[in-house]
Amino acid sequence: MKVCDILRVKGSTLFTVAPDTALQTAVLVMSEHDIGSLVVMEYDKLVGILTFREVIAALAKHHGKLDDLRVQSVMNSKPLTCNMETEIDEVRRMMLVEHARYLPVIDQKMLMGVISFYDVAKSVVEAQDFENTMLKAYIRDWPEETEKSTP
(Lines give C-alpha, C1' and ligand atoms only; values in the text may rest on other atoms or scores of the structure.)
Protein backbone atom coordinates (compact mmCIF):
# COMPACT_ATOMS: atom_id res chain seq x y z
CA MET A 1 0.00 0.00 0.00
CA LYS A 2 1.21 3.49 -0.88
CA VAL A 3 0.43 7.08 0.10
CA CYS A 4 -1.61 7.52 -3.09
CA ASP A 5 -3.95 4.75 -1.88
CA ILE A 6 -4.62 6.62 1.37
CA LEU A 7 -5.24 9.93 -0.40
CA ARG A 8 -7.58 8.26 -2.88
CA VAL A 9 -9.79 7.07 -0.01
CA LYS A 10 -9.32 10.12 2.21
CA GLY A 11 -10.02 12.69 -0.48
CA SER A 12 -8.14 15.79 -1.44
CA THR A 13 -9.56 18.40 0.93
CA LEU A 14 -6.63 20.50 2.04
CA PHE A 15 -6.36 23.48 4.37
CA THR A 16 -3.50 25.93 4.00
CA VAL A 17 -2.45 29.27 5.45
CA ALA A 18 0.09 31.90 4.51
CA PRO A 19 3.07 32.46 6.80
CA ASP A 20 1.90 35.97 7.74
CA THR A 21 -1.54 34.74 8.90
CA ALA A 22 -2.36 35.62 12.48
CA LEU A 23 -1.86 32.55 14.67
CA GLN A 24 -5.24 33.20 16.28
CA THR A 25 -6.89 32.96 12.84
CA ALA A 26 -5.06 29.70 12.07
CA VAL A 27 -6.22 28.23 15.41
CA LEU A 28 -9.82 29.17 14.59
CA VAL A 29 -9.55 27.47 11.17
CA MET A 30 -8.13 24.32 12.79
CA SER A 31 -10.92 24.31 15.38
CA GLU A 32 -13.69 25.05 12.87
CA HIS A 33 -12.66 22.18 10.60
CA ASP A 34 -11.58 19.81 13.40
CA ILE A 35 -8.11 19.37 11.94
CA GLY A 36 -4.76 19.00 13.64
CA SER A 37 -2.57 20.70 11.05
CA LEU A 38 -2.39 23.44 8.46
CA VAL A 39 0.09 23.45 5.62
CA VAL A 40 1.88 26.79 5.38
CA MET A 41 2.22 27.92 1.78
CA GLU A 42 3.89 30.96 0.28
CA TYR A 43 2.29 31.24 -3.13
CA ASP A 44 2.73 27.69 -4.51
CA LYS A 45 5.67 26.72 -2.29
CA LEU A 46 5.48 24.66 0.90
CA VAL A 47 7.28 26.66 3.61
CA GLY A 48 6.11 24.86 6.75
CA ILE A 49 3.43 23.12 8.73
CA LEU A 50 1.49 24.26 11.75
CA THR A 51 0.20 21.54 14.06
CA PHE A 52 -1.45 21.58 17.44
CA ARG A 53 2.01 20.80 18.88
CA GLU A 54 3.39 24.17 17.74
CA VAL A 55 0.23 25.96 18.89
CA ILE A 56 0.46 24.47 22.39
CA ALA A 57 4.16 25.34 22.60
CA ALA A 58 3.33 28.95 21.61
CA LEU A 59 0.53 29.11 24.20
CA ALA A 60 2.90 27.86 26.90
CA LYS A 61 5.69 30.26 25.89
CA HIS A 62 3.38 33.29 25.71
CA HIS A 63 1.34 32.54 28.85
CA GLY A 64 -1.83 31.58 26.98
CA LYS A 65 -1.88 34.62 24.69
CA LEU A 66 -1.63 34.45 20.92
CA ASP A 67 -1.96 38.21 20.33
CA ASP A 68 0.25 39.56 17.56
CA LEU A 69 1.82 36.14 16.82
CA ARG A 70 2.06 35.06 13.19
CA VAL A 71 2.08 31.52 11.88
CA GLN A 72 5.64 31.90 10.59
CA SER A 73 6.93 32.59 14.11
CA VAL A 74 5.79 29.22 15.46
CA MET A 75 5.46 26.85 12.46
CA ASN A 76 7.75 23.93 11.74
CA SER A 77 9.72 25.35 8.80
CA LYS A 78 11.27 22.00 7.88
CA PRO A 79 8.41 19.52 7.85
CA LEU A 80 8.98 15.90 7.04
CA THR A 81 7.36 15.10 3.67
CA CYS A 82 6.60 12.08 1.53
CA ASN A 83 5.44 11.51 -2.03
CA MET A 84 2.57 9.63 -3.65
CA GLU A 85 4.67 6.49 -4.18
CA THR A 86 6.03 6.23 -0.63
CA GLU A 87 5.15 2.86 0.89
CA ILE A 88 3.00 2.96 4.03
CA ASP A 89 5.56 0.95 6.00
CA GLU A 90 8.13 3.67 5.24
CA VAL A 91 5.66 6.40 6.26
CA ARG A 92 5.02 4.63 9.57
CA ARG A 93 8.76 4.37 10.20
CA MET A 94 9.32 8.03 9.35
CA MET A 95 6.47 9.18 11.57
CA LEU A 96 7.61 7.08 14.52
CA VAL A 97 11.30 8.00 14.28
CA GLU A 98 10.65 11.73 13.84
CA HIS A 99 7.56 11.93 16.11
CA ALA A 100 5.59 13.45 13.23
CA ARG A 101 1.83 13.21 13.27
CA TYR A 102 1.26 14.89 9.90
CA LEU A 103 3.14 14.57 6.61
CA PRO A 104 2.58 16.84 3.62
CA VAL A 105 2.51 14.81 0.40
CA ILE A 106 4.53 16.40 -2.40
CA ASP A 107 4.50 15.18 -5.99
CA GLN A 108 6.77 16.96 -8.48
CA LYS A 109 6.92 20.05 -6.22
CA MET A 110 3.11 20.14 -5.98
CA LEU A 111 1.26 19.73 -2.68
CA MET A 112 -1.12 16.78 -3.08
CA GLY A 113 -2.45 16.49 0.47
CA VAL A 114 -1.55 15.70 4.05
CA ILE A 115 -1.65 12.31 5.70
CA SER A 116 -1.91 11.90 9.42
CA PHE A 117 -0.84 9.19 11.78
CA TYR A 118 -4.57 8.41 12.11
CA ASP A 119 -4.89 7.97 8.31
CA VAL A 120 -1.96 5.55 8.31
CA ALA A 121 -3.24 3.57 11.30
CA LYS A 122 -6.74 3.37 9.77
CA SER A 123 -5.40 2.07 6.45
CA VAL A 124 -3.27 -0.56 8.18
CA VAL A 125 -6.22 -1.78 10.28
CA GLU A 126 -8.48 -1.91 7.21
CA ALA A 127 -5.86 -3.88 5.27
CA GLN A 128 -5.47 -6.32 8.17
CA ASP A 129 -9.25 -6.71 8.48
CA PHE A 130 -9.50 -7.47 4.75
CA GLU A 131 -6.66 -10.00 4.98
CA ASN A 132 -8.27 -11.66 8.02
CA THR A 133 -11.59 -11.91 6.20
CA MET A 134 -9.92 -13.49 3.17
CA LEU A 135 -7.98 -15.97 5.34
CA LYS A 136 -11.13 -16.97 7.23
CA ALA A 137 -12.98 -17.52 3.96
CA TYR A 138 -10.09 -19.61 2.67
CA ILE A 139 -10.02 -21.73 5.82
CA ARG A 140 -13.81 -22.12 5.80
CA ASP A 141 -13.70 -23.33 2.18
CA TRP A 142 -10.74 -25.65 2.74
CA PRO A 143 -11.32 -28.83 0.74
CA GLU A 144 -11.91 -31.86 2.89
CA GLU A 145 -9.44 -34.65 2.54
CA THR A 146 -10.89 -37.81 1.10
CA GLU A 147 -9.93 -41.07 2.67
CA LYS A 148 -7.70 -43.12 0.49
CA SER A 149 -8.57 -46.75 0.33
CA THR A 150 -5.73 -49.18 0.60
CA PRO A 151 -5.88 -52.34 -1.52
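The questions and answers below take up the sheet, a helix and the cores in turn.

Mentor: Please keep in mind that this is a predicted model, in which local features need pLDDT of at least 70, side-chain atom pairs count only at pLDDT 80 or more, and totals for chains, interfaces and linings use all residues. Residues are numbered from 1 along each chain as its sequence is written, and side-chain values use heavy atoms, with hydrogens and water left out.

Trainee: In what order do the three strands of the open sheet lie?

Mentor: Strands here are DSSP runs of E with at least two residues, and helices are runs of H or I with at least four, both numbered from the N terminus; two strands pair if DSSP finds at least two bridges between them. β1 (16-17) and β3 are the edge strands, each pairing on one side only. β1 and β2 run parallel and are joined by two bridges, whereas six bridges join β2 (residues 37-42) to β3 in an antiparallel arrangement. With this mixed pairing, the order is β1-β2-β3.

Trainee: Which residue in the turn of the hairpin formed by β2 and β3 has a positive phi?

Mentor: Glu42 stands opposite Lys45 in β3, and the hairpin leaves two residues between its strands. The one with a positive phi, of about 60°, is Tyr43.

Trainee: Which exposed residues does α3 carry on the face turned away from its buried side?

Mentor: In α3 (residues 52-61) the buried residues are Glu54, Val55 and Ala58. They cover an arc of only 100° around the axis (taken from the directions from the helix axis to the C-beta atoms), which puts them on the same side of α3. Their cover includes α2 (23-33), β3 and α4 (71-74). The face turned away carries the exposed residues Ile56 and Ala60.

Trainee: How many residues has the largest nonpolar core?

Mentor: A nonpolar core is a set of buried Ala, Val, Leu, Ile, Met, Phe, Trp, Tyr and Cys residues joined through side-chain atoms within 4.5 Å. Val3, Cys82 and Ile115 are among those with the most contacts inside the largest one, and α1 (3-10), α5 (88-98), β4 (102-107) and α6 (117-140) each supply at least two of its residues. A second, separate core of 15 residues includes Ala26 and Val71, while the size of the largest core is 16 residues.

Note on methods
Buried means under 20% relative accessible area, exposed over 50%, partly exposed in between (1.4 Å probe, protein chains only). Contact means heavy atoms within 4.5 Å.
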